[in-house]
Each structure stands twice: as structure tokens, then as C-alpha cells.
Amino acid sequence: MPSVCSPATIKVLKDTLPAVAEAGVGLTQRFYERMFKNHPELHNVFNISHQRSGQQPKALFSAVALAATAVAETGELKLPPTVVNTIVHKHCSLLVQPEAYNIVAENLIGAIEELMNPGKAVLDGWGELYWVVANALIAAEKAQYDLVASKRGGWYGRRDFQVARKVREADHIMSLHLRPVDGNPIVEFDPGQFITLWLKGADWEYTQPRQYSLSEAPAPDHYRITVKEDPAGSVSRYIHGGVLEGQVIPISPPFGCFTLSAIDRDAPLALISAGAGMTPMMSMLQTILARQADRKVQWLHATDQGREHMFRDFLIATAKENENFDRDVWYAHPDPLKDQKGVGKHYQHEGFVNLNDVREKLADPKMHYLLCGPHPFMESCCKQLKEWGVGLERIHYEHFGSSQAMAA
């Protein structure tokens, strides 16, 4: 996203970055307060849980700070492609349209004026930066929308799907098999991608969009997602207890850039997950088994105990049948009466993941490492890999929720 701001704007950003940094997340929190007050209908697009937890304001502030720092230091908006692609795919999954950027501009600049009162020149400078970023994103998002819609089975916007099956995979783990109501083909996704479900419970004031990774290899007539129930999450509880077989749910097309195709086709893989982070890994694994059975895959997974271990029997059987697939599983609190420990059993390690336990299995200098799970889990694994000298170009990760940078 190389774009140039005017010399005046570059100077404004250099001069005011310290004040913006001091304002911190309070600035983006105020932005969201203003925007939702002025446009309450946007509650139908934003994840209310991420607003309440502070995840979304933190993610937005990080993005604003990253863009402003890049321009202040180099004179150009040169953001990492992974950052830009993640934003574009997330926006496309939420069906963000160009007119939304006008609303954001009005309320973001308004929040800066309200909290900092910096004067017209400063507001104009930050406004210029905003539109340099916005125009680049608008163009990239249009290209992505057009790309997906142009494929066989692709579409724009929302499309109605019916819940063909609900399958309980483990305690608090439920899969939905979703078929298009119109009976037409569906676009093939890249393993690792997600779809967005637009859900509205009977007593909800607003529709809530949620992204869920597709959890099996691409199929010609349906998508499968697998959802872990969160006791504090109204949407996941609704999927488990409120959504019924036969129900129709609007869905956005598959998006996401944490994908199997983004990695060298011949590279051995370490698929490293915790909890529900297994879901995109299942899609990748099943695709490899069907199309590249001779590809080396090391499977590392962490969960609390066997009753929450989704797809366990399939994975144990796969390891027995395929010499190129090996698995190591950690249970934090195994059930001594039900969970079996040992090679070829339910789990091999107790406690939390320590990659040093299996370092010899991860030593191939061509191996790529894919991480998905809670942020602390991924940060810990990423830190261990870096300590071994693994380059960032071989470490890939997916956040469930608002994107966060790895501190390690």
C-alpha cells in the first residue's frame, strides 16, 4: 500500500504522534462512542462483545498508530502486506462498502478534535492520512469482492443457507453443515478461510455477524463450521441451543488470508492449535490428505481434557493410517479415568504446550509453522520458535477476534 502524503501532513504527523500516543485507546473508544450514537444501525455490523471487551478499540488504535508512524518515519504509507490483507479480508467478510468510510472519517476526526482540540491544520493532516488509507482499502476491497464473486459459485453480499445438520463433536463443540437454499453451486474456499454468519436471536436488538473458520476440506454442496460454546458468549450459546436444523441463516462468502495456498506447496507443515483454533487446521489437514498425502504434517494441539477434544477419533485413525502425519496432544487437566496417555492414545503430554517437548519433530529447516488459538498460547509458541531461530517468514497465525500483533 505505498502512498504518499503531502509534506505538510508528514510534519503534522511527526509533531502530533506523541499526543495521539498519550491519548491512546481512549481516542478510539471515543470514536466508537460517537459513531454508535450517530449511527446506531452500525451495531448490526460490529461485534458487540469485542466492543465491550475493548478488543476492537485496541485493534483500531494499533492500526492508526502503525499507519501514522510509517508516514512520519518514511514519508510513505508502507504497511506490511499481511496487515493490509487481514484488514481487507475482515472488511469484506462484513460487507463494508465505500460509504462507510465517510462515517468513520466524520467520527474519527471528530474524536480527535473533541479530545485534543489541535486546530484545523492538524485535523486536515490526520484527515489526509485517513483518506490515503481509506482509498487504498476501498480499491483493495472492491478487487477482493469482484474476485470472489467471479468464481464459480461465488456471490456478492449475503446468501441464504439452511442448517442441514447439527453434529455434536465433543462437549461444548457443535458443527453446523450449511447448504445453499437456492441449490446453486458454492464457491470453493482456500483451506484456512472463514465465512460470516449473520445471526439474530429472538430477543436481540441487533443482528450480530460472526466469523467461523471452515472446518473441513472444500465440498461441492455445503460448508461446515465448528463452534465452541462460550458460557459468556451470547452468539455461541445461541448457535448451540437456539439454531435448529432447517433454519435459514444469511452468510457472506469465504474470506481470510490465513490459508494453505499462501505457503510453499512442498514445505512440511506444523499445525499448532489450541481449543477451537483446531478448526482451520482440520480444513487444511483434510485437504492435504486428499490432494497431497505424501506431504509431511506435524499436528500439535492443546485442550483441557478428552471430553473437549474435537475430532479426536478421526485424528488418531489418521495418524495410524498415514506415515506422513504425526500428532502430539497436550491435555491441561486430563481425566484419569477416561483419558488415555501414550503414543497412539488420546494425548501424549500433560499441562501446557512446551514446544521443546517435541523439538526434534519440528527441526526441518524448510518447515512452516501455523498457529491458531488464544492469543497467549500463540504468543508463547511464537516466542519459542523465534528462540530457536525460526524466521518470521515461516511463522503464520490466525486470531479469532480482533487482530493483535505478536509481542514476542
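Here are some friendly notes on the predicted model shown above, from the whole chain down to single residues.

1. Start with the overall build. The secondary structure of the chain comes to eleven helices and twelve strands. Along the principal axes, its C-alpha atoms fill a box of roughly 70 × 50 × 40 Å. A compact globule of 408 residues would have a radius of gyration near 22 Å, and the chain agrees because its own value is 22 Å.

2. Buried residues account for 53% of the 408 residues in the chain. The chain exposes about 18700 Å², and carbon and sulfur atoms supply 53% of that area.

3. Now look for the largest nonpolar core. In soluble globular proteins, nonpolar side chains tend to be buried together. Here the largest such core has 48 residues, and the members that touch the most others are Leu13, Met35, Val71, Leu77, Trp126 and Leu129. At least two residues each come from α1 (7-23), α2 (25-38), α4 (55-74), α5 (81-93), α6 (98-116), α7 (120-150) and β3 (194-199). Which of these supplies the largest share of the core? That is α7, with eleven residues.

4. Leaving aside residues up to four places away in sequence, Trp126 touches Val12, Leu13, Thr16, Leu17, Val20, Val64, Ala68, Ile109 and Ile112.

5. Thr28 sits in helix α2. Is Thr28 buried or exposed? Its relative accessible area is 1%, so Thr28 counts as buried. Not counting residues up to four places away in sequence, Thr28 touches Pro57, Leu60 and Phe61. Pro7, on the other hand, is 21 residues from Thr28 in sequence, with 26 Å between their C-alpha atoms.

6. You will find Ala232 in the loop between β5 (223-228) and α8 (234-241). Ala232 has a relative accessible area of 70%, and because exposed means over 50%, this residue is exposed. Ser49 is 183 residues away from Ala232 along the chain, yet their C-alpha atoms are separated by 9.5 Å.

7. Leu95 is found in the loop between α5 and α6. With a relative accessible area of 17%, Leu95 is buried, because the limit for that label is under 20%.

8. Phe311 has a positive phi of about 60 degrees, although it is not a glycine. Its place is the loop between β8 (297-303) and α10 (312-321). The relative accessibility of Phe311 is 9%, so this residue counts as buried.

Note on methods: Residues numbered from 1 in each chain as written. Predicted model: local features only at pLDDT ≥ 70, side-chain atom pairs only at ≥ 80, totals over all residues. Heavy atoms only, no water. Core = buried A, V, L, I, M, F, W, Y, C linked by side-chain atoms within 4.5 Å. Buried < 20%, exposed > 50% of the residue type's maximum accessible area, 1.4 Å probe, protein only. Helix = DSSP H or I, 4+ residues; strand = E, 2+ residues; numbered from the N terminus. Contact = heavy atoms within 4.5 Å. Rg over C-alpha atoms; globule rule 2.2 N^0.38 Å. Areas by Shrake-Rupley, 256 points an atom, 1.4 Å probe, with all protein chains shown as cover.
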